[in-house]
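This report looks at a pocket and at some of the helices around it. Please keep the sequence and the model in view while reading.

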Amino acid sequence: MQSIYAMHQSGSDNLEKQEKFLQASLENIVDLYLIMLSSLVEIRKKEMEYQVLAQQKHLATPEERNPNLRFINNPILVALDDNNSLSIALEKRKITNWQANDDTILLLLQVVKQSELYQKYMAKKNVTFEEERFFVADMFSELIAPNDKLYSYLEDFKLTWVDDIPVVNTQILKQLKQITDKEQSLRVPAIYKDEEDKEFATALFRKTVLNETELAKEFIDKTPNWDIDRIAEIDTIILKMAICEFLKFPSIPLKVTINEYLELAKEYSTPKSSIFINGILDNLVKDFQLNNRINKAGRGLM
């Protein structure tokens, strides 16, 4: 959707250039995932460095000489630091953001240590593995992921990440909650589930752009009370993409298409857009089915 909108705004007809940018943006989601997940590792490392320096102070306090090691010994944080899948991915994709910008990590560590969540966790006499896991998950979801400074850093580093941050954070939180005392490993997920999945975004982009005129004709007659020139451009793009999926992607269920594009409308367009789009798509589906223009393959795809 954004790639098609960008083409409209630039007046460019360079399909290949925009396709490459689209694929690069998708691949970069992996980098964002690695940066966010590795922030947990780097925060723990900074705390370890702080404790070493504090112990070496000439006038170290009793607390500094015998620090509470619960945070740096947290089994989830230790497992992430020892995780081969994460280490290999960071090295392979040359992710060195926190080494070059450790100010952000120091800030996050300060936010964590000043939080009530941290204070309660460190004050407990004993903690179960489940409590250790809950602490890390809550620390990530409540203190790290929503941090404004971190968000600004990510936005400045790569603008396309703004829309990807919630998806990545949800995935990381899901993985953290799935860690058990018997299975503490975590695998870096693949961006695509298979080759067909990898080709989908480019195929949808290309088929929508190359058939925009024909796709627009499908809904122009279905909006008698609307001047086509007054319909929000994002709405027309969403309608074209949805119709493209209806007619040219037989493996995608109708309900999935409708639900996905209604969510896009709610997120990116006007307050009333989702109602407008839902009405048009609902009428189009009935018309397409009546005229046998929809051919969906597989179970439950209607």
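How do the residues of the lining of the largest pocket divide into nonpolar, polar and charged? There are 31 nonpolar, eight polar and eleven charged residues in that lining. Here Ala, Val, Leu, Ile, Met, Phe, Trp, Tyr, Cys and Pro count as nonpolar, Asp, Glu, Lys and Arg as charged, and the others, Gly among them, as polar.

The model is predicted, with local features needing pLDDT of at least 70 and side-chain atom pairs pLDDT 80 or more, while totals for chains, interfaces and linings use all residues. Residues are numbered from 1 along each chain as its sequence is written, and side-chain values use heavy atoms, without hydrogens and water.

**The pocket**

The largest pocket holds about 1,900 Å³ of space. A pocket is an open set of points on a 1 Å grid over the protein atoms alone, where a 1.4 Å probe fits, with protein on both sides within 12 Å along at least five of seven lines; lining residues have an atom within 4 Å of a point. The volume is the space filled by probe spheres set on the points, which are joined across faces, edges and corners.

Of the 50 lining residues, Leu-26, Ile-29, Asp-164, Phe-200 and Ala-201 lie nearest the centre of the pocket. Elements that give two or more residues to this lining include helix 2 (15–55), helix 12 (195–210) and helix 14 (233–248). Helices are DSSP runs (H or I, at least four residues), numbered from the N terminus.

The table lists the axis angles; axes are lines fitted to C-alpha atoms over the stretch in contact, and angles run from 0 to 180 degrees between N-to-C directions.

| Helix pair | Angle | Axis distance |
|---|---|---|
| helix 2 and helix 12 | about 150° | 10 Å |
| helix 12 and helix 14 | roughly 105° | within 10 Å |
| helix 1 and helix 12 | roughly 40° | within 10 Å |

Helix 12 is therefore roughly perpendicular to helix 14, whereas helix 2 and helix 12 are roughly antiparallel. Helix 1 and helix 12 are oblique to each other. Angles under 35 degrees count as roughly parallel, over 145 as roughly antiparallel, 65 to 115 as roughly perpendicular and the rest as oblique.

Contact means heavy atoms within 4.5 Å. Phe-200, Leu-204, Lys-207 and Thr-208 of helix 12 meet Lys-240, Met-241, Cys-244, Glu-245 and Lys-248 of helix 14. This contact has four nonpolar, one polar and four charged residues. From helix 1, Ser-3, Ile-4 and Met-7 meet Phe-205, Thr-208 and Val-209 of helix 12. That contact has four nonpolar, two polar and no charged residues.
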